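Okay, thanks for having me, everyone.

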Amino acid sequence: MASFSNNTKSEIIGLDIKGKKCCLFSFLYGFLFCSQSENNSSYIKTTNAENGNLVLKLCDFLFKKKHIFYYKDGKISIDTRVLRYFTIAEYQKNLFKCEDCISYFLRGIFLASGSITDPEKSYLLELSFASQDKQMELKSFLNEIGFD
């Protein structure tokens, strides 16, 4: 039996990804932000092949380049030039272009690193990070947009 958290992630994966390009970048960035390894290598980890396939599909669509992304053994290899493109400071300046971008960004973060309990049992949302720097960067960003 799938957990509430896994069911929630399946719903996110099943969402139509034919949104605005800025929102798709936001989603991808949220996923990459929480998935990149601690040493900033060109690999991101995912334990879910559906996540990997979704990220690869988005990368192919957004970057129009083949063979700079691939999924193997729970890792997605991404060209380091793409990873450098995604920093929160640059991202905020350049890519949060519409009111939906932040919700797409948060969906990507949850898909990559989140867990949630069934609200009928208790309320708990957890996010895991490869480094404390990533955690603090996201905390600062969330505070700026009104989350405590």
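Before I point at anything: helices here are DSSP runs of H or I with at least four residues, strands are E runs of at least two, and both are numbered from the N terminus. This is a predicted model, where local features need pLDDT of at least 70 and side-chain atom pairs count only at pLDDT 80 or more, while totals for chains, interfaces and linings use all residues. Residues are numbered from 1 along each chain as its sequence is written, and side-chain values use heavy atoms, with hydrogens and water left out.

Let's begin with a loop. K97 sits between α5 (88–94) and α6. With a relative accessible area of 64%, K97 is exposed; that word means over 50%, buried means under 20%, and partly exposed is in between, using a 1.4 Å probe and protein chains only. K97 is also 9.8 Å from K20, C-alpha to C-alpha, although 77 residues separate the two in sequence.

Now, the aromatics. How many aromatic pairs does a search of the whole structure find? Two. For that, rings of Phe, Tyr and Trp (its six-membered ring) need centres within 6.5 Å; planes under 30 degrees apart are stacked, over 60 edge-to-face, and the rest tilted. Y29 and F105 are stacked, 5.6 Å centre to centre with 5° between the planes. That pair links distant parts of the chain, with Y29 in α2 (residues 21–35) and F105 in α6 (residues 101–113), 76 residues apart. Y29 counts as buried because its relative accessibility is 2%, and F105 is buried too, at 1%.

F105 then pairs with F141, this time edge-to-face, at 5.3 Å and 85°. F141 is in α7 (residues 132–144), so this pair ties α6 to a part 36 residues away in sequence. Put together, Y29, F105 and F141 make one aromatic cluster.

And the helices behind the stacked pair? α2 and α6 pack at about 30°, axes 7 Å apart; axes are lines fitted to C-alpha atoms, for helices over the stretch in contact, and angles run from 0 to 180 degrees between N-to-C directions. Contact means heavy atoms within 4.5 Å, and the residues making it include Y29 and G30 of α2, plus F105 and G108 of α6.

Last stop, a charge over a ring, meaning NZ of Lys or CZ of Arg within 6 Å of the ring centre and within 35 degrees of the ring normal. R107 lies over the face of Y104, 4.6 Å from the ring centre, and K9 has its charged end over F110, at 5.6 Å.
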